[in-house]
Amino acid sequence: MSSHTEVASIVDPVLHLDDAEKAELTALAEELSGTAPHLIDDPRWIAAARALSSELPSGLRARLREFTWDPGTDAMLLLRNLPRHAPGETPATPSVVGSVQRTATVPAAALALIGMALGEVVAFDKEKSGALVQDVVPVPGMESFQGNAGSTKLNMHTENAFHPLRPDFVGLMCVRNDHANVAKLRIASVRRIVPLLPEPVRSILHEPRFTIAAPASFGMPPGSEEPRPVLTGSVDDPDLTVDFSSTTALDDAAADALLLLEKAVDHSYQELLLAPGDLALVDNRMALHGRNAFQPRYDGADRWLQRIFVHIDHRRSRASRPDGGQVLQSSAPGPLNTPEPLNTKER
């Protein structure tokens, strides 16, 4: 892990499971993977994941609980030495648009267990067909796409920044890295970014002088975005919500502030070179993430991450989950309950 700042984290953002902890987690993941109907999105399977998540190794449970209380200076937690596919048994990397993991595997089960220990694993019906475990893989012809199917530089962003019910945490687990082992996850914490900004710039970023566009798949009419701030909450310890591919400033001073924010991000991000069995947990309220460029070969051995979204407060999205399940529906009735002064129309 390399860093672009000299600020030290109070809490170590890396937890390497020892062999005994890995064995415990593997046994739980095997039990969950073998639970009928062996389908990740089935409510019965998710209920089993919720129950078994309380049996994670004690040291891992304690660190996850600490992370939900305070994610630290880096607003991320890197877990290493998680269960992975046996040597020679890793499937070919998918290479199609919308690739997801529907059938339970031991690594995907471990990912789900950790996600359910943090809160509730959720998905959005307009994204990746509402699957709870999603593949992040390069897709032929989409190299320059600003999203999970691309392979050029991925701009720093809050996941689903436009959405009032965006994930609290994003989990990115490495199944395999790229051929050259150069693709790196980039993470920038608001606690490292804000100290680099002058106070007048911070004040502008706290004002509703920006809009964030939604992806076309969510069906939001262009130009329907309402003005919103980029920094919210505490002035001393704010949250950050921005996507440098889809955030627009509404006046010249706001545009200058957004540019200075992006420069501060460029000076403060960290890079994580993920290996198989690594899981990066990103606090989506406080940290941006992105990726440097890499060269896919589309030969079945390309970079492959599996992704989950987690909500801490599951009740907050109830109006968007008419069946009470894990998937947020864009057409659900009733207002969304959000503590921020955002657009509360259904998305």
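**Notebook: a loop, a strand and a pocket**

I began at Asp 42, which I found in the loop between helix H1 (19-33) and helix H2 (43-52). Helices here are DSSP runs of H or I with at least four residues, strands are runs of E with at least two, and both are numbered from the N terminus. Buried means under 20% relative accessible area, exposed over 50%, and partly exposed in between, using a 1.4 Å probe and protein chains only. I also took a distance: Asp 42 and Leu 281 sit 24 Å apart in space, C-alpha to C-alpha, and 239 residues apart in sequence.

A note on the source: this is a predicted model, where local features need pLDDT of at least 70, side-chain atom pairs count only at pLDDT 80 or more, and totals for chains, interfaces and linings use all residues. Residues are numbered from 1 along each chain as its sequence is written, and side-chain values use heavy atoms, leaving out hydrogens and water.

Next I looked at confidence. The pLDDT (the predictor's confidence in each residue, from 0 to 100) averages 92 for the protein, and 92% of the residues score at least 70. Residues 3-9 fall below 50, and beyond near neighbours in sequence this stretch has 16 contacts in the model; contact means heavy atoms within 4.5 Å. I will keep in mind that where pLDDT is low, the predicted coordinates should not be read in detail.

Then I turned to strand E15 (residues 287-291). Why is E15 largely enclosed by the rest of the structure? I found that 5 of its 5 residues are buried. Ala 287, His 289 and Arg 291 cover one side, and Leu 288 and Gly 290 the other.

I followed its partners too; two strands pair if DSSP finds at least two bridges between them. Strand E8 (residues 185-189) runs antiparallel to E15 with 5 bridges, and Ser 189 has Ala 287 as its bridge partner. Strand E6 (residues 154-157) is also antiparallel to E15, joined by 2 bridges, with His 157 opposite His 289.

Last, I asked which elements give two or more residues to the lining of the largest pocket. They are E6, E15 and strand E16 (304-311).
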